[in-house]
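Ready for some practice at reading an interface and a single residue? Take a look at the model below, then work through the exercises with us.

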Protein chains: 2
Amino acid sequence: MNQAETSVMTRSGVDATSAAVQRWLESFEAALRDADTSAIAGLFLPDSHWRDLLAFTWSVTPHRGAGQIAQALARTQAATLARGFAIAKNRTAPRRVRRLGTEVIEGIFEFETAVGRGVGVVRLPASEPARAWVLLTSLEELKGFEEKIDARRPTGSAYSRNFGGDNWLDQRIKAQAYLDREPTVLIVGAGQAGLALAARLGQLDVDTLVVEKHERIGDNWRKRYHSLALHNQIHVNHLPYMPFPPTWPKYIPKDMLGDWFEFYASALELNVWTGSEFAGGTYDTAAGQWRAVVRRADGSERVLHPRHLVFANGVSGIPRIPSLPGLDDFAGEVVHSHSFTSGAAWRGKKALVLGTGNSGHDVAQDLHSPGVDTTIIQRGSTTVVSVDPSAKLNYALYDEGLPLDDVDLIATAATYPLIVRGYQLAVERMVELDKDLIANLIARGFKYDLGEDKTGHQMKYRRRGGGYYLDVGCSQLIIDGAIGLLQFDQIDRFVAEGVRLKDGSILPADLLVLATGYYTQRELVRRLLGDAVAERVGEIWGIGPDGEMANMWKRTAQEGLWFMAGSLAQCRIYSKHLALQIKAIEEGLLQSR
Amino acid sequence: MNQAETSVMTRSGVDATSAAVQRWLESFEAALRDADTSAIAGLFLPDSHWRDLLAFTWSVTPHRGAGQIAQALARTQAATLARGFAIAKNRTAPRRVRRLGTEVIEGIFEFETAVGRGVGVVRLPASEPARAWVLLTSLEELKGFEEKIDARRPTGSAYSRNFGGDNWLDQRIKAQAYLDREPTVLIVGAGQAGLALAARLGQLDVDTLVVEKHERIGDNWRKRYHSLALHNQIHVNHLPYMPFPPTWPKYIPKDMLGDWFEFYASALELNVWTGSEFAGGTYDTAAGQWRAVVRRADGSERVLHPRHLVFANGVSGIPRIPSLPGLDDFAGEVVHSHSFTSGAAWRGKKALVLGTGNSGHDVAQDLHSPGVDTTIIQRGSTTVVSVDPSAKLNYALYDEGLPLDDVDLIATAATYPLIVRGYQLAVERMVELDKDLIANLIARGFKYDLGEDKTGHQMKYRRRGGGYYLDVGCSQLIIDGAIGLLQFDQIDRFVAEGVRLKDGSILPADLLVLATGYYTQRELVRRLLGDAVAERVGEIWGIGPDGEMANMWKRTAQEGLWFMAGSLAQCRIYSKHLALQIKAIEEGLLQSR
């Protein structure tokens, strides 16, 4: 009776909140069944939002406005045959909550389609619960291809007590070797994106190989700078199927996360080749498969023929080295933040850090701590947010105490206009909480901004993957002058002993760390798959024309090519949808383009 | 409203089942407060049972009968100051269930004591809910020393983003080295017992080192025979804090479990020295600490001075090699099942397996599969139970769909008379389910029994740790004659070519596998700590005079010496209680003897 305090019980035992959701679902199902566009439109507010994850559209598809929503639903329902809409059992019951400043009834529901089972979220304004403001529909599983977890877990009869035959370990070793078969899916990169997707595909019995250029799984984290820890809290960051232990710290340090990735691959029985680099590929349209070259740890090359190629190598991409005037003359050491590990070796020396994103600030703080005379160089204007309390505001949903699956579902209900509005509201509170920090930074000459539409760091992450700093102490060091601040446009050129400013003075330096980010995945595509494929696919990451992340987690213009990237939470959530699409193609339920 | 279907709601919103439990708890608290022995006795059936886990008695203490229970409660309450008895929040609500053939109301409750917080279980006969039939009281945590999990998880501020200082990895490496400090607790053995206890102690900030003689954690499983898998289902076998993934098979294969143990130690941040053997120790009563010698992987010796020494080395004990007439004459190979890995190398040869426990049967089946001519030799009468469905009956409680913590609590409520009765009832059904198997085995000349009181394999496990086989197919091979069966008392002596029977015939053999079990922990104590300590402590494992497991999970007659053993489930459950006792001693809340 969790709802007892917030809901009024009716005689039938169903509370008023649930009753409103149930009524809406019944009306919705009836209108859908009749393909009655005007009846459907009547169930939505004029300015309403529907996001579909595969269930109706086999893609990640946002819609806005009752008219557009009704037309799209009626059109897609013919093939979808969605039915059986009901409040979801064993999930959070409908409840009254405040979303984007509006009092709503929010309900999680379930339904089925011709090919699968779905879940969704509907938000009804409390003041007008007969019409939906927000609707999410999400395909959760394909009928006949359910995940083999919990009650459906394998008996293990193929290898447990297989007297005289292969045991589990024998079978795992053979599965990983790919001596006599081809993987259906080749994933490039064993970071959170690659591992989460491989785990999901494994549950769908899709034969998947992950190649990782580092020697050990997790090295993409281990090899980063000494003081690195995740910038958001642990409960947002779980991978699918295997949550982090409850004993772990709030902010996971890099080595701990790296080790977990390694456990995870083994515990989820993923096939991963470490020390193995994807060297390039071409797609054979007639055969419907790739010719993919993988360079193994021993220097040998193996040509594979997967039907699907997934780029999950965003994090371990190619460092971007900007062209800097006079840099060749600089006598000190130049290192990209990618390769920077610790400031301890530079004690007593002078360092410059170019870049004011997270890496730039963390590297500067890491250098400053053991006594390196450090100056940070700012190129573009930067959003700065305190990691606690401000940056936590964007994860407020994850603090409501709901099961993770339910929060993930609610979080995915937002389309672009709702996301923008949500971040704007959060930013309003952040700038209030951080007002002294911000004022002091500006007073110090730090160029500060909140993004083009005051959405702060989260939209910068979505739009360009950078341009912000989640402050864990470096801003105060800059404010206090303990770490120097130099604007890039004050620089004339680099010289042997350091950097010469436009006023003629010279700032001496022994080290320059380039915290200048990475090439985008598009550049990786260009280098590894060629210009034609890169042009065909277009932008990767960033906001696409429909407001969704461009080319993420859905079919692209290049048959058999997929992109998987994002935060741990995004990888946890959308790995399911990407895996379902590949499975549906393999089972003939979906065209590959 | 989970209880809606089984309970009648009263006007106050509390169902009748919960109301009965609440009334009993109120009466119980009042009687306890007044130390009113006769009022307490009036709250128990004449033949009732109370098991206390530390909360009142600081030991594992069973009681039987209203009179004895009332006296013990009144006597211990003076120091315990138990109060605040109430139906436990966030746990399974009181419900009607059938236990040992009796319809009862079973409720989980919480309470506090002078030093800690407890939980318990009360069973009220449905026909007479004012009096308890079964009561469990269990100390769950010490005030001020709560486990640092979930909402209390560490912030990680000591190492996350510790700019210029030690990061998490640096700190872990230093913690494991013990260069400048002594562990408070030394655990011998990194199997389920040692790992579960170390994890619990870690949560209580008790500095703990585990020494494991194998090269890798988990090798105690990996190095066993090729076809080994756990004989009970995965959902019974979780370790504390970190459940097995939902993707894993029902019966976990040995290598998968071994790898998990290795992950577990790392993920739970346990300090483990592998390749390190505890070589012996002496207790310094005056100093209140051990002098413990550990032989490291590099051959060096390290002398440690822990205050507590825990033997958690049951599983990896010393193989028992029986004296067999003429064995020295046998020209074939003799190997203990401990060192047996696979039958494949013996294809086309003849093998004898001495022993009809689980290992004997599994080894025989492993030999038979690749075509080894195999005969199993039976010494004592053996209980045989089909692993599915019969052996699962003892875990029926774990199939009721309750949260694991709640099942564990309910399972621990049973004292010896209840356990015996429970197993007898289960065995009645098992022999019915397995009746053909049993009849065929007996017809084949297999000596079969159900234990001295028809409690089957589970009480054999508790009493002597063996004497049974959970059948996964070998019994049918014996029945069919595919695997030979020889009674030990038919043997005259071993000879060069095999074994000579009393009838003068010779059964030739190339291999003899001794599936003859292991020395008890008492023998390990004798060898490693000396005769005096072994005599002082007495029996280890088996049923003690009070019906509880002898010397398990509680203080022993040797100050600072503890024993931790048992199944994965027992280790999960009782590791908490053992850890709480050590913590209480370290904090001065409990005398060490």
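Two exercises with worked solutions follow.

This is a predicted model, in which local features need pLDDT of at least 70 and side-chain atom pairs count only at pLDDT 80 or more, while totals for chains, interfaces and linings use all residues. Residues are numbered from 1 along each chain as its sequence is written, chains are lettered from A and ligands numbered from 1 in the order in which they are written, and side-chain values use heavy atoms, with hydrogens and water left out.

**Exercise 1.** Describe the interface of chain B and chain A.

Step 1. Start with contacts (heavy atoms within 4.5 Å): 54 residues of chain B touch 54 residues of chain A.

Step 2. Turn to buried area (accessible area, 1.4 Å probe, that two parts lose on being put together, summed over both). About 4700 Å² is buried between the chains, with carbon and sulfur atoms giving 61%. On the chain B side, B:Arg153, B:Arg161 and B:Phe163 lose the most area, together 18% of what that side buries.

**Exercise 2.** Is A:Arg123 buried or exposed, and why?

Step 1. A:Arg123 counts as buried because its relative accessibility is 7%, and buried means under 20% relative accessible area (1.4 Å probe, protein chains only).

Step 2. Beyond neighbours within four places in sequence, A:Arg123 contacts residues including A:Glu106, A:Trp133 and A:Ile410.

Key: Buried means under 20% relative accessible area, exposed over 50%, partly exposed in between (1.4 Å probe, protein chains only).
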